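Open the model in your viewer and keep the sequence panel beside it. We will go from stop to stop, selecting a few residues each time.

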Amino acid sequence: MTKETKELKRPSGRGLTEMRQMKAKVGVVPNADGSAMFTFGNTIAIAAVYGPRQLHPQHMQDPSTGILRVNYDLLSFSVSERKKPGPNRRSQEISKMTEFALLPVLDIKDFPNTVIDVQIYIIQADAGTRTAGINAASLALAHAGIPMKNLICSVALGKLDKELIIDLDKDEEDFEGGEGPTDFPLAKIANSDQFTLIQLDGKIQPERVKEIIDLANKACEKIYEVQKKALKEVIEQ
Ligand code: ADP
């Protein structure tokens with residue numbers, strides 16, 4: 001570690017690779033077929049799964065497979081500034097990215113003409129909402145008994161000046177110093193080296209991507225442990 005690295009302080013006071021406290025709970029929406037809550041510090045995501053159920057309108061059905069449909073919503077009261085309720089470009093983009101991140105582990109070929117609806121609600125936002133939403137949705141799908149090859153674990157990396165940091169909160173995500181803010185959300189199949197989501201908002205030198213992947217792997221091991229514990233708790237009830 002260089003002298004500069006030692007002196008570098010995150011706005012949150014955390015170490016460069018220190019994540020926020022994570023919590024997960026499965027079965028938080030009793031009426032849903034599967035549900036879960038996942039938190040990174042002050043960011044709280046709830047996911048509820050409904051289905052597989054017949055897809056309407058009928059012309060949208062696919063006789064060769066079930067369809068995954070994700071709806072992500074950052075609720076108005078999740079942020080202190082005024083946020084107009086309802087869908088917007090950002091929520092549509094995150095819904096689609098979440099679908100792409102989750103689909104590779106789902107085995108839904110045996111549910112032709114059906115849809116599996118995943119509703120993700122961010123009830124409190126302090127950055128990392130898409131990644132918390134993916135972690136919650138992965139747990140909710142498993143809880144709903146949807147055939148899955150594995151869980152998906154997701155975390156965001158970023159930069160503080162030139163240093164890579166993990167699991168950014170809002171102040172860190174907005175940090176303007178040095179090379180400017182960078183948000184690097186990733187999702188991967190647990191216990192594998194297969195990534196299902198890699199997004200980049202900001203700038204990063206291509207040669208640092210390996211470093212990012214290594215950090216994401218370590219973080220995802222921790223996320224997977226939290227997810228497994230939450231699933232075990234509901235099975236043992
Ligand atoms: P992520 O939440 O995955 O980091 P973004 O980078 O789009 O996704 O958003 C960063 C953060 O900015 C959110 O977590 C939230 O804290 C805040 N934010 C996003 N949209 C709004 C909004 N409309 N009003 C207030 N804050 C918002």
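Select β4 (67–74) and β5 (residues 114–124). Eight bridges join β4 to β5, and the two run parallel. Two strands count as paired if DSSP finds at least two bridges between them. Strands are DSSP runs of E, at least two residues long, and helices are runs of H or I, at least four long; both are numbered from the N terminus. Show Val70 next: its opposite number in β5 is Val118.

This is a predicted model, so local features are given for pLDDT of at least 70 and side-chain atom pairs for pLDDT 80 or more, while totals for chains, interfaces and linings use all residues. Residues are numbered from 1 along each chain as its sequence is written, and side-chain values use heavy atoms, leaving out hydrogens and water.

**The five-stranded sheet**

Now widen the selection. Five strands make an open sheet with mixed pairing, in the order β1-β2-β3-β5-β4. Which strands stand at the edges? They are β1 (22–26) and β4; each has a single partner strand, so one side of each has no neighbour in the sheet. From one strand to the next, the twist averages 15 degrees. Angles run from 0 to 180 degrees between N-to-C directions, with axes fitted to C-alpha atoms (for helices, over the stretch in contact).

Pick β2 (residues 34–40) and β3 (residues 43–54). Seven bridges join these antiparallel strands. Phe38 has Ala45 in β3 as its bridge partner. Two residues lie between the strands of this hairpin, and Gly41 there takes a positive phi near 55 degrees.

Ile46 is partnered by Tyr121 in β5.

Most residues other than glycine have a negative phi, and most peptide bonds are trans.

- Pro52 belongs to strand β3.
- His56 and Pro57: the bond joining them is cis too, with omega about 0 degrees. Pro57 is in the loop between β3 and β4.
- Ala127: phi is positive here, about 70 degrees, although Ala127 is not a glycine. Find Ala127 in the loop between β5 and α3.

Show α2 (residues 89–102). This helix lies across β4 and β5, at about 140 degrees to β4. Contact here means heavy atoms within 4.5 Å. Then show α3 (129–143). Helix α3 packs on the sheet and touches β1, β2, β3, β4 and β5, with its direction at about 150 degrees to that of β2.

**The four-stranded sheet**

Move along the chain. Four strands form an open antiparallel sheet in the order β7-β6-β8-β9. Its edge strands are β7 (163–166) and β9 (195–198), each pairing on one side only. Neighbouring strands are turned by 25 degrees against each other on average, direction ignored.

Select β6 (residues 152–160) and β8 (residues 183–189): seven bridges join these antiparallel strands. Cys153 stands opposite Lys188 in β8. Next come β8 and β9, antiparallel over three bridges. Ala187 pairs with Leu197 in β9. Five residues lie between the strands of this hairpin, where Asn191 takes a positive phi near 55 degrees.

Bring α2 back. Helix α2 also lies across β6, β8 and β9, at about 160 degrees to β9.

**The largest pocket**

Switch to a surface view. The largest pocket has a volume of about 500 Å³. A pocket is an open set of points on a 1 Å grid over the protein atoms alone, where a 1.4 Å probe fits and protein lies on both sides within 12 Å along at least five of seven lines; lining residues have an atom within 4 Å of a point. The volume is the space filled by probe spheres set on the points, which are joined across faces, edges and corners.

Which residues are closest to its centre? Of the 25 lining residues, they are Arg90, Ala127, Gly128, Lys170 and Glu173. Helix α3 gives the most to the lining, with three residues.

**Last stop: confidence**

Colour by pLDDT, the predictor's confidence in each residue, from 0 to 100. The chain averages 93, and 95% of the residues score at least 70. Residues 1–5 fall below 50. Where pLDDT is low, the predicted coordinates should not be read in detail.
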